[in-house]
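Here is a briefing on the structure shown below. It covers confidence first, then each chain in turn.

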Amino acid sequence: MTSSAIRVLIADDQQMVRQGFSVLLNTQPDIDVVGQAVHGLDAVAKVAELGPDIVLMDIRMPELGGIEATRRIITEHPHIKVLVLTTFDLDEYVYDALHAGASGFLLKDASADQLAEAVRVVAAGDALLAPGVMRRLITEFSRLRGSAPRAPLKERVADLTERETEVLAHIAQGLSNAEIAERLIVAEQTVKTHVGRILVKLGLRDRTQAAVFAYESGLVRPSGY
Amino acid sequence: MEKRLTRWLRVLREDLWTADANPLPPSVWLRWLPHGLVILVAIGTAIADMDQLGDGYNLGTETGLLIAVAQGTAVGLAPWRPVPAWWLSTVAVVVSAMGARTQLIAGHAEFNSPWPWSPPAMVAQCVVLYLLALRVPTRAAAETLALTALATYILQGLIGSANYSSTGMLAVALFGGVVLLGSTQRGRREARTQLVEQAGITAEERARRTLLEERSRIARELHDVVAHHMSVISIQAQVAPHLTENPSEELKENLAGIRQNAVEALTELRRVLGVLRSEHPEDQYGIAGAADGTAPHAPQPTLDRLGALVENTRAAGLAVTVEISGEVHPFPPGVELSAYRIIQEALSNALRHAPGSNVRVELDHYPRGLQVRVINSRPARPAPPSPGAGHGLLGMRERATMLGGTLMATETSHGGFVVAAFLPRSDDPSGSHISTGTTGKTATGKTATGKTATGTTGTPATGTTGTTGTTGTTGEKAR
């Protein structure tokens, strides 16, 4: 099990937070905290040095903020996933972080279980983190910034097959691959294939980005939150 | 002797060969001057009218006196009650014209007398109409003019008389002229008053909005700091049981309670704050954006970033010196943040309003609080006018007040400016600095004993290099 443990790097300027998350995550047999970074630049360097699977990234840090660090890390290492740590969930910074390529976000006061679960979900990549909050976040901020469903994004939706569009909509609703398979009455493997195709066709790196795309293109209408 | 004479002559020339004079003293007499003039005109027209009516129209002394007094009264009344004055004047003219008509036709009046408007009556009506047009809406003024013209037409055009030289056309033309003049002046004054009023409203509105924005921004910053601490508390409460071998149930329960309270407080804070933050608060400051050097995703600054701020202000062209006195204890982050922001704003003001001046930043640490003073000398050159003046001061004062402190900003006797603020350590003097001290201690203690210290080879003793300002270790580190 240890050999396949999820390798985590924690980047936060506060020693308390780094320490705390390390202790909590290290109690999990399948998660291994391999390093800590004290600011954005440090995080970029440590990622190159340690090659973690997941980076827990604070947003407000000296030297280099978490959002820019996320952007750099993802550009250099597309397979590494970033989970943003935040005090407020409905925060513009979180929205920016998602745009910078973060796979999800986590409140700093999350329980130990939520923390571990979030790391696992993001590492596996087959479900969304906190889809409800994310939907609200994306819709509110894309509205706040006056970017109505953008035409170019809509055109790209046209590249998808009908089935793929359907799967994308389900992704945006926060359903996992297994749940989507159940809904569409197909094998989970089929859903995985669809997801893979969607990401390739739209040029996206993971399902979080796919969900952001679905909302911002207007494919999915926010309802009843 | 001759010299003295020359001097006298020079004095005389200086004193008397000049057009200069001090402005008139503001006096009650002067204020009533226009009214006095009107009264003089009233008396003048009354006398002239009496002459015209009594002799010219041959109406007899009593009737002439009566109508002349009425005409004079109308003029005298005009500055106070223009509309009744107009009625009185018009009626007087109609009555006198009707009386004169009989005498003219009968040939008792002076041959070729001006009729229906006698010259004194015309002057009187002109004064009345002008004063009226100044004071009443244009429509009312036009109505009085129309009625006057109508009365003239009825008298001269419909009723008619004999043996007179016509003054109807001339009178109506004159009246039209003065009403136009009066109404125009009134309209211009109205417009100006409205403009001034509107400007006043806009300024007030803007000031109020600025105040509200300022408040919410400050509140947000302070809440940020608090929320941040709450998160750390919730994390620590979760971590604590993992740090001992066999934590007792009571301990676990207690820690769970702490965590739960922290989480609830955070939930409340999120609700209060309404979140959805659509602006970067740091960007609003002039030099700040440049001086922070770490915009928008940097942590809220504390006093340990003062050096960088001063350095950047120097680079922007001010000679800044810093004096720190008193025994340095770390202050609660809210206080440090506010002190930093106040200094930042004061420096940016100095840059804006006192280019090329010398600035002294003084920080006095007292057990009960922090005294901040930013003093700049007289500007080396006149500052360019800047529109947003005053809002910065407002913000500084809000910050100080929110912390229960005070702020004073005033010009110095040397032509410079001083901003002085006192920020109390906290409302409860036994409170926060002790608790922050403990936090600092726990932090170092845990680094030594924590299990991760061995596991994380990549981060040797990095704990103290970060901006741990908010945990209370900044003070010791910065000095």
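Chain A has a mean pLDDT of 82, with 89% of its residues at 70 or more; pLDDT is the predictor's confidence in each residue, from 0 to 100. This is a predicted model, in which local features need pLDDT of at least 70, side-chain atom pairs count only at pLDDT 80 or more, and totals for chains, interfaces and linings use all residues. Residues are numbered from 1 along each chain as its sequence is written, while chains are lettered from A and ligands numbered from 1 in the order in which they are written.

**Confidence**

- The model scores ipTM 0.70 and pTM 0.51.
- In chain A, confidence is highest in strand β1 (residues 6-11), at a mean of 92, and lowest in helix α7 (residues 151-157), at 68.
- Helices (H or I, at least four residues) and strands (E, at least two) are DSSP runs, numbered from the N terminus.
- Chain B has a mean pLDDT of 76, and 81% of its residues reach 70 or more.
- Residues 275-295 of chain B have pLDDT below 50; this stretch makes 49 contacts in the model beyond near neighbours in sequence.
- Residues 428-479 of chain B also have pLDDT below 50, with 87 such contacts.
- Two residues are in contact if their C-beta atoms, placed from the backbone, lie within 7 Å.

**Chain A: overview**

- Chain A has eleven helices and five strands.
- Of its 225 residues, 52% count as buried.
- A residue is buried if 20 or more other C-beta atoms lie within 10 Å of its own, exposed if 12 or fewer, and partly exposed in between; C-beta atoms are placed from the backbone.
- Of the contacts in chain A with a separation of 6 or more, 66% involve residues 24 or more positions apart.

- Strand β4 (residues 81-86) of chain A has six of its six residues buried, so the rest of the structure largely encloses it.
- In a regular strand, side chains alternate between the two faces of the sheet.
- On β4(A), one side carries A:K81, A:L83 and A:L85, the other A:V82, A:V84 and A:T86, and all are buried.
- β3(A) pairs with β4(A) in the parallel sense over five bridges; two strands pair if DSSP finds at least two bridges between them.
- A:M57 stands opposite A:V84 of β4(A).
- Helix α2 (residues 40-50) of chain A buries A:G40, A:D42, A:A43, A:V44, A:K46 and A:V47.
- These buried residues of α2(A) pack against β1, β2 (31-37), β3 (54-58) and α3 (66-76) of chain A.
- Just after α2(A), A:G51 has a positive phi of about 55°.

**Chain B: overview and helix packing**

- Chain B has 16 helices and seven strands, and 37% of its 479 residues count as buried.
- Among its contacts between residues at least 6 apart in sequence, 72% join residues at least 24 apart.
- The axes of α5 (residues 82-106) and α7 (residues 138-159) of chain B come within 11 Å and cross at roughly 5°.
- Axes are lines fitted to C-alpha atoms, for helices over the stretch in contact, and angles run from 0 to 180 degrees between N-to-C directions.
- α5(B) and α7(B) are therefore roughly parallel; angles under 35 degrees count as roughly parallel, over 145 as roughly antiparallel, 65 to 115 as roughly perpendicular and the rest as oblique.
- B:W86, B:T90, B:V94, B:A97 and B:R101 of α5(B) meet B:T144, B:T148, B:A151, B:L155 and B:I159 of α7(B).
- B:A171 lies in helix α8 (residues 168-239) of chain B.
- B:A171 is buried, with 24 other C-beta atoms within 10 Å.
- Leaving out residues up to four places away in sequence, B:A171 touches B:W117, B:M122 and B:T152.

**Chain B: the sheet**

- Five strands of chain B form an open sheet in the order β3-β4-β5-β7-β6, with mixed pairing.
- β3 (319-325) and β6 (406-411) of chain B are at the edges with a single partner strand each, so one side of each has no neighbour in the sheet.
- The twist averages 10° from one strand to the next.
- β6(B) and β7 (residues 417-424) of chain B run antiparallel, joined by six bridges.
- B:A409 stands opposite B:V419 in β7(B).
- α12(B) packs on the sheet, touching β4 (358-366), β5 (369-376) and β7 of chain B.
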